[in-house]
Amino acid sequence: MGPANKGEIIEKLQKQILSMQGFRETAAQGVNTGLGALEMAFPNSVFPTGAIHEFLSPAAEHAAATTGFMAGLLGRLVGQTGICLWIGARRTVFAPALKIFGIDPDQVIFIDLIREKDVLWTIEEALKCDAVSVVVGELNGITFTESRRLQLAVEQSKVTGLMHCFNPLKINHTTAVARWKITSLASIMEEGMPGVGYPRWSVELLKIRNGKPGIWELEWSSGQFRNLDKPNPVVEIPFGRTA
Amino acid sequence: MTDWFVRHNPGLQDEPFVLVAPDRGRVIIKAASPAAGVLGIEPGMVVADARAILPSLQVFNEETSRKDKLLNELAEWCIRYTPIVALDTSDGLILDISGCAHLWGGERQYLKEIIAKLKSFGYQVRAAIADTIGACWAIARYGRLTAIIEPGMQAEALLPLPPVALRLDTNVLERMHKLGFYQIRSFVSMPHNALKRRFGPILLEKLAQALGEVEETIQPIRPVQPYQERLPSLEPIRTAAGIEIALKDLLEALCIRLLQEGKGLRKAIFKGCRVDGKMQQIEIGTNHPTRNVSHLFKLFELKINTIRPGLGLELFLLEAPVVEILSMEQETLWNITKGSANKVVMNLLDRIGVRVGINAIHRYLPDEHHWPERSVRLAASLQEKNPLIWRTDLPRPVCLLPLPERIEVTAPIPDYPPMLFRYKGKVHKVRKADGPERIEQEWWLEQGLHRDYYCVEDDTGARYWLFRLGNYGEDKPEWFVHGFFA
C-alpha cells in the first residue's frame, strides 16, 4: 500500500468518523451562521448543529454579552418559521431586544422555572422534541452526567442546544461539542464621536471537538456578525481538507 | 330583575329604584322596584317622567343580557321541580309539571313550595297552574281569584280577564280597547269569521291555545351535562397498571363524547374513590383544546405515581371542567400542514406545563407602549399572530432587570450622563455614553416621574442601561440601572 493511498484512506476514515459523530459533510447542508472566519475553526468549517454548545459566563457582566452572542446565533439557526425554547430560572433577557439580533421574539417561548432541577428536566424534554429548532438553557453549571444526558437527547432529535452556564464553580469536563466564552469589549467609535458603538465581543472558543480553538473579535452591526482584526489568527487547514 | 338587584345590594330593600337602559336616544326604565311600582312608575316609562313623579328615585344602569342570564339560571334551578322547563318571553318560566306535583303532596303544596323557595331567595313571583300554557300565562299575570285552575275549567277562569292576557300585539289590543272589549268574556262567543276579519287570525289562534283547542309546544331548556365519566370496579384496584387501564377507558369514553360535540378539553381531573372513603385525584391542564387520548394519557402518566391507592380504589371518575370548541377541520388542518410540528411542540409544552405549572410558559408580543416594562405583553395563546412589528429603532438592552436597581452616581447636572457609578459595591468609570432618551410615565395608566435613559459603557467594555428618575432642581433625582446591553 503506497503512502498516497494511505493518506486517502486516513482522510476517508476521518470523514467517516466525523459523520458518525454527527457532523455534516459539506457547508451547503449546514446553516450559515455568518461568523465569517470563525467558522474555519469548526470541523468541516460548518457550525455544528444538532449538538450541545456550552457558554461560560464566569462573571455577571459577561452574561449580557453571552446572551447577545447567543441571540445572534439564534437568528440564523431558527430561521423564519422555527421555534425556539428559552428555558431557565431567573431569566433577565428582554424579549424586544432579541429582534435587534435577528430573531423574532414571538418565535421564542420562554419557560421560567424556579428550581434548578426542573430546568434540567425541561431542557432534556425540549431537546428530545424534534419540532423545536433550538433550545437555549440557562443554568448555573453543568456536570458531566448531565451533559451526557443532554447529548443523548440531541443525538436522536438533531436539535441544537445552547447552554448558558452562569457561574460555573468549577469547569467540569462535559460532552458538549463546543465551549465558548464571550466577554464584552469596548466598542469602537470614530475619533471624536460621542456615544456608544456597536456591541463588540471577544469570542473565545475554549474547546471544539475536532476543530481548532481560538480567540476572535466580533462585532454585531447592521444585523450580522462582523469579524474584526484577529489578534490571534488561527487560519489553519481544517480537517477533511488536506493540502 | 329588581329582586336580583336587591339581592346583591341589600340596602335597596323597600327603596324605590329603577333599572334603566338607553333606547333610541332616550333612557327607558327596564325594571322598577315594588316600592316604585306603587307610585305608578312602570317599565317602559322615560326616566325623566319617573323623576317628575318621584325626584328622589334611584336610577341604576341595567346590564344587557343580565336578565336573560338570570332567567336561564332560574330555569336551571327549577329543574329540581320538573324535568321540562322553558323560558317564556323574557320574563317568565313555563314548567311542565305533568306527573310531578304528587311528589310534593298535590298541586297546592307544589305551587306553595316553589313560590316560598323563590321568595326566600328574594324574588317576588306569581305562579299559576292550568291545563294550557296560554291559560297559565294569563292567570299568572292577570288572574285575581285562584292560582290553580282545575282541569277543563280554563275557559271559565279566562272570561273575566282583560284581552291582554291572551298575549296579543299592542295594535290589536288598542283596537279592542276602542271597540269596548275590556274582558275576554265580551268577545269569546262572537262568530269566528267576524273576529278574524277585524283582528286577524292571530287572535283566534291565541284564544284557541288558551282554551286548549290547539296544541302549543314549548322549547325546554337543556342544562349542560357536566363532562364526566365514571367507572366502577368490581374489585378494589391497587396497582398502577390497573389504574392506567381505568384511566385509558375513561379517556376514551370522554374523548368520544368530545368528538361528537366538537369540543376539546383544556383541563381534566382524574379521581379515584378509595375503599376507606378517601378521594385521590390528579389534575392536568393543556395549552390548547385537545381530545387526543394518547396525549392526554401521557400527561396523566406523569402524575399517576402520586395516587395512593391504600387498600384499593373502587370507583374512578374523569371530569373535564374546562372544555373549548375544537372543530374537526382544525384538527385535520393541523395534521397536514406545518401545524403538525406545532402540535408536537404543543404536546411538549403540555408535558412541561403539567410538570412545572402552566404559568411558567410565556410568549411575548409587542405592545404599543414606550415604558419598557409595558412594551411587551403576554400572548394570549401560543398561536396568536403578531399584529404589530417589533421595533428596533431605539436601543433596548438584551438583559433587563425585573426591577431597576438603585446606583450611586457622580454626574454633572443638569442632564449629562454620569461620569462614574457604583453598582453592587463596584465602581464603574464611564468611558462612552449615549442619551438621554426620555420616557414619560403614561399618566393615563400611572402617575410618576419621567425617566431619562442613558446607554453607558464602562472601562471594561460592559454596557449598561441607566436612567435618572426626574429632573435635577425640581425633583430629587435618583439613578437606577435597568439593563445590560450585549
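Biologist: How many cavities of 30 Å³ or more does a search of the whole structure find?

Modeller: The search finds 3 cavities of 30 Å³ or more. A cavity here is a set of points, on a 1 Å grid over the protein atoms alone, where a 1.4 Å probe fits but cannot get out. Please note that this is a predicted model, in which local features need pLDDT of at least 70, side-chain atom pairs count only at pLDDT 80 or more, and totals for chains, interfaces and linings use all residues. Residues are numbered from 1 along each chain as its sequence is written, chains are lettered from A and ligands numbered from 1 in the order in which they are written, and side-chain values use heavy atoms, with hydrogens and water left out.

Biologist: What volume does the second largest cavity have?

Modeller: Its volume is about 40 Å³, a volume being the space filled by probe spheres set on the points, with grid points joined across faces, edges and corners.

Biologist: Which residues line the second largest cavity?

Modeller: From chain A there are Glu61(A), Ala64(A), Ala65(A) and Ser184(A). Chain B provides Ala462(B), Arg463(B), Tyr464(B), Phe484(B), Phe485(B) and Ala486(B). Lining residues have an atom within 4 Å of a point.

Biologist: Which element gives the largest share of that lining?

Modeller: That is α2(A), with 3 residues. At least two lining residues each come from α2 (61-78) of chain A and from β16 (463-469) and β17 (478-485) of chain B. Helices (H or I, at least four residues) and strands (E, at least two) are DSSP runs, numbered from the N terminus.

Biologist: And how do the residues of that lining divide by class?

Modeller: There are 7 nonpolar, 1 polar and 2 charged residues in the lining of the second largest cavity. Ala, Val, Leu, Ile, Met, Phe, Trp, Tyr, Cys and Pro count as nonpolar, Asp, Glu, Lys and Arg as charged, and the others, Gly among them, as polar.

Biologist: Which residues lie nearest its centre?

Modeller: Of the 25 lining residues, Ala60(A), Glu61(A), Ala63(A), Lys424(B) and Phe484(B) lie nearest the centre of the second largest pocket. β12(B) gives the most to this lining, with 4 residues. The lining comprises 13 nonpolar, 5 polar and 7 charged residues.

Biologist: What kind of sheet does β12(B) belong to?

Modeller: β12(B) is part of a closed barrel of 6 strands, β12-β13-β14-β15-β16-β17 (chain B), with antiparallel pairing.

Biologist: How many bridges join β12(B) to β17(B)?

Modeller: There are 5 bridges between those two strands, and Leu400(B) stands opposite Gly483(B) in β17(B). Two strands pair if DSSP finds at least two bridges between them. With β13 (residues 420-423) of chain B, β12(B) forms 3 bridges; there Glu408(B) stands opposite Arg422(B), and Val409(B) has Phe421(B) as its bridge partner.

Biologist: Now the open sheet: what is its strand order?

Modeller: The order of this open sheet of 4 strands is β6-β9-β7-β8 (chain B), with antiparallel pairing. Its edge strands are β6 (228-237) and β8 (279-290) of chain B, each pairing on one side only. The twist averages 15 degrees from one strand to the next.

Biologist: Which strands of the sheet does α11(B) touch?

Modeller: α11(B) touches β6, β7 (263-274) and β9 of chain B, where contact means heavy atoms within 4.5 Å. Helix α12(B) lies across β7, β8 and β9 of chain B, at about 145 degrees to β8(B).

Biologist: At what angle do α11(B) and α12(B) pack?

Modeller: They pack at about 145 degrees, with their axes 10 Å apart. Axes are lines fitted to C-alpha atoms, for helices over the stretch in contact, and angles run from 0 to 180 degrees between N-to-C directions. Residues of the contact include Leu247(B) and Leu251(B) of α11(B), and Phe297(B) and Phe300(B) of α12(B). The contact has 8 nonpolar, no polar and 3 charged residues.

Note on methods:
On a 1 Å grid over the protein atoms alone, a cavity is a set of points where a 1.4 Å probe fits but cannot get out, and a pocket is an open set with protein on both sides within 12 Å along at least five of seven lines; lining residues have an atom within 4 Å of a point.
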